[in-house]
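Take a look at the model below. A set of questions and answers follows.

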Amino acid sequence: MSNLNINPQDSAVTDLDTAFKPDCAQMRQTPVQADAGQAPRAESPLYHADLASIAAKGPLEGGVQLQELSFLGHLVIRGSLDNPAFVDGFAQAMGFALPGKLASVEQGDASVRWIAPDEWLLVVPGNEAFELEGRLRELMAGHFSIVNVSGGQTILQLSGPDAVKVLKKSTGYDLHDRNFPVGKVVTTTFAKTQAVIRRLDVQQWELVIRRSFADYVWLWLQDASAEYGLVVRG
């Protein structure tokens, strides 16, 4: 995991008395330069697995395709739907409304997932997360919170005709079409950990997993997919 550069003189921590709102701080999550002359380096939760090499050297055909969507911006947003200033502020900033129970919304490069009655996960391009957090803080009011957890989790996409069979090995949640239509999202058990599962298409699924369990989930998916053939996409 990369170190975080927190420099009050470089707008890493912002005094919101003069910027957004009082009594809170915003942190820009950027890697620290290891040595003079070196560019900042970020490592995904599955950096050690070298998925790019596996994709280049591995099989091209199989019943399950896996791809990590790394270096995205993950913002956990909490607030009450009974607070119009919170709800309207989000819609003004994003151009779409917060989704309802067990639902998700995707528009362009941004997507938001319902996590709980007062919690959502917003995912955007990594280089947009800091500025977007600031815009949300400017436009929303009342009691709410925004936490940047970009470095703490990652997204794995599973697709292919046998992807749902792998998921059925991994979770007890009912994945039948009648119970899990495209666009639905749930937070549930996955093997011996937890994941946010979203259905993107008939044969395409998404897993949001914590950084500390990324290696475990990667090993689990390799084993669970073995009988169908696993294709890693770079």
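Q: In which strand is the place of glutamine 157?
A: This is a predicted model, where local features need pLDDT of at least 70, side-chain atom pairs count only at pLDDT 80 or more, and totals for chains, interfaces and linings use all residues. Residues are numbered from 1 along each chain as its sequence is written, and side-chain values use heavy atoms, with hydrogens and water left out. Helices (H or I, at least four residues) and strands (E, at least two) are DSSP runs, numbered from the N terminus. Glutamine 157 belongs to strand 7.

Q: What is the relative accessible area of glutamine 157?
A: Buried means under 20% relative accessible area, exposed over 50%, and partly exposed in between (1.4 Å probe, protein chains only). Glutamine 157 counts as buried, because its relative accessible area is 17%.

Q: Which glutamine has its side chain joined to that of glutamine 157 by a polar contact?
A: A polar contact is a pair of N or O atoms within 3.5 Å; within protein, one must be able to donate a hydrogen and the other to accept it, and residues adjacent in sequence count only if both atoms are side-chain atoms. Contact in general means heavy atoms within 4.5 Å. Leaving aside neighbours within four places in sequence, glutamine 157 is in contact with residues including Gln65, Leu66, Leu200 and Trp205. The polar contact, at 3.2 Å, is with glutamine 204.

Q: Which residue of strand 9 is the bridge partner of valine 185?
A: Two strands pair if DSSP finds at least two bridges between them. Strand 8 and strand 9 pair in the antiparallel sense, over six bridges. They form a hairpin with two residues between them, and alanine 191 in the turn has a positive phi of about 55°. The partner of valine 185 is arginine 198.

Q: Which residue in strand 10 stands opposite arginine 198?
A: Strand 9 and strand 10 run antiparallel, joined by five bridges. Opposite arginine 198 stands glutamate 206.

Q: Why is strand 9 largely enclosed by the rest of the structure?
A: Strand 9 covers residues 193–201. It is largely enclosed because, of its nine residues, the number buried is seven.

Q: Which residues are closest to the centre of the second largest pocket?
A: On a 1 Å grid over the protein atoms alone, a pocket is an open set of points where a 1.4 Å probe fits, with protein on both sides within 12 Å along at least five of seven lines; lining residues have an atom within 4 Å of a point. The second largest pocket has a volume of about 260 Å³, taken as the space filled by probe spheres set on the points, which are joined across faces, edges and corners. Strand 5 (119–125), strand 9 and strand 10 each give two or more residues to its lining. Of the 14 lining residues, the closest to the centre are Glu119, Gln153, Gln194, Val196 and Arg210.

Q: Within what arc do the buried residues of helix 4 fall?
A: Ala163, Val166, Leu167 and Ser170 are buried in helix 4 (residues 163–170). They line one face of the helix, because, seen down its axis, they fall within an arc (of the directions from the helix axis to the C-beta atoms) of 100°.

Q: How far apart in space are aspartate 162 and valine 64, C-alpha to C-alpha?
A: Aspartate 162 lies in the loop between strand 7 and helix 4. Aspartate 162 is buried, with a relative accessible area of 14%. In sequence, aspartate 162 and valine 64 are 98 residues apart; in space, the distance is 5.6 Å.
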